[in-house]
Amino acid sequence: MIDGDTIIVRGTKIRLAGIDAPEMDMPWGLKAKWTMVEICKGQEITVKLNGETSYDRLVGIGYLPNGQDIGAELVKRGLALDLPFFSQGRYRHLEPTGARERLRNGAFGHASISVRRTTTVVAYRRRSNRHNAGS
């Protein structure tokens with residue numbers, strides 16, 4: 001386990017699709033990683049890749065042998081958030097009350113990217129209030 005939303009399967013880095021966990025140096029980051037270890041320890045993980053990449057990682061949904069979605073379990077435990085831009089809301093209903101406010105304190109990782117992609121920003125230059133003589 002690299003962190004709360006990235007695992008290594010047979011030497012390949014996999015970014016769990018549709019969720020975002022805090023980075024290791026952020027509040028809740030270590031807890032997210034160790035919870036991921038707890039969920040997956042000693043189990044064979046199967047990943048269904050979606051064809052996307054994120055930096056140096058392939059992107060996909062990780063499953064335990066019983067069919068349990070690893071990302072869904074992290075979201076249910078309040079240690080990752082649904083990324084609606086990427087998940088189409090697949091995990092949002094699993095977020096415990098208050099998790100979004102607690103984990104988005106300052107916005108982290110891809111959560112902040114999805115906000116930027118869905119927000120329009122208009123930049124403009126402020127006009128001077130001075131009037132030119134003779135205009």
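## A nonpolar patch on the surface

Met24, Leu30 and Trp34 make a nonpolar surface patch of about 320 Å². Tryptophan 34 sits in helix H1. Its relative accessibility is 53%, so tryptophan 34 counts as exposed; the cut-off for that label is over 50%. These values come from a predicted model.

## Overall architecture

The protein chain holds 5 helices and 6 strands. Along the sequence they run β-β-β-α-β-β-α-β-α-α-α.

The protein chain has 135 residues, and 40% of them count as buried.

## The nonpolar core

In soluble globular proteins, nonpolar side chains tend to be buried together. Here, the largest nonpolar core has 21 residues. Leu16, Ile19, Met36, Cys40, Ile70 and Leu74 have the most contacts inside this core. Which elements give two or more residues to the core? They are strand S2 (12-16), helix H1 (29-40), strand S5 (57-63) and helix H2 (70-76).

Leucine 74 shows what such a core residue touches. Leaving out residues up to four places away in sequence, its partners are Gly4, Leu16, Ile19, Ala32, Thr35, Met36, Ile39, Leu79 and Ala80. Among these partners, Leu16, Ile19 and Met36 are also listed with the most contacts inside the core.

## A buried aspartate

Aspartate 5 is found in the segment before strand S1 (6-9). Is its side of the chain buried or exposed? Aspartate 5 counts as buried because its relative accessible area is 2%, and the buried label applies under 20%.

Where does the side chain of aspartate 5 make polar contacts? One is with the side chain of threonine 6, at 3.3 Å. The side chain of aspartate 5 also reaches the backbone nitrogen of alanine 21, at 2.9 Å.

Beyond residues up to four places away in sequence, aspartate 5 touches Ile14, Arg15, Leu16, Ile19, Asp20, Ala21, Met36 and Arg57. Leu16, Ile19 and Met36, included in that list, are core residues too. Aspartate 5 and leucine 16 are 11 residues apart in sequence, yet their C-alpha atoms are 5.3 Å apart in space.

## Positive phi in two loops

Most residues other than glycine have a negative phi. Arginine 10 has a positive phi, near 50°, and is not a glycine. Arginine 10 lies in the loop between S1 and S2. Its relative accessibility is 83%, so arginine 10 counts as exposed.

Glutamine 88 also has a positive phi, about 55°, although it is not a glycine. Glutamine 88 lies in the loop between helix H3 (84-87) and helix H4 (99-103). Glutamine 88 counts as exposed because its relative accessibility is 66%.

Definitions and conventions
Residues are numbered from 1 along each chain as its sequence is written. This is a predicted model: local features need pLDDT of at least 70, side-chain atom pairs count only at pLDDT 80 or more; totals for chains, interfaces and linings use all residues. Side-chain values use heavy atoms; hydrogens and water are left out. A nonpolar core is a set of buried Ala, Val, Leu, Ile, Met, Phe, Trp, Tyr and Cys residues joined through side-chain atoms within 4.5 Å. Buried means under 20% relative accessible area, exposed over 50%, partly exposed in between (1.4 Å probe, protein chains only). Helices (H or I, at least four residues) and strands (E, at least two) are DSSP runs, numbered from the N terminus. Contact means heavy atoms within 4.5 Å. A polar contact is a pair of N or O atoms within 3.5 Å; within protein, one must be able to donate a hydrogen and the other to accept it, and residues adjacent in sequence count only if both atoms are side-chain atoms. Patches are made of residues with over 30% relative accessible area and no salt bridge: like charges are joined within 9 Å, nonpolar side chains (Val, Leu, Ile, Met, Phe, Trp, Tyr) within 5 Å. Accessible areas come from the Shrake-Rupley method with a 1.4 Å probe; for residues, only the protein chains shown count as cover. A salt bridge is a side-chain nitrogen of Lys or Arg within 4 Å of a carboxyl oxygen of Asp or Glu.
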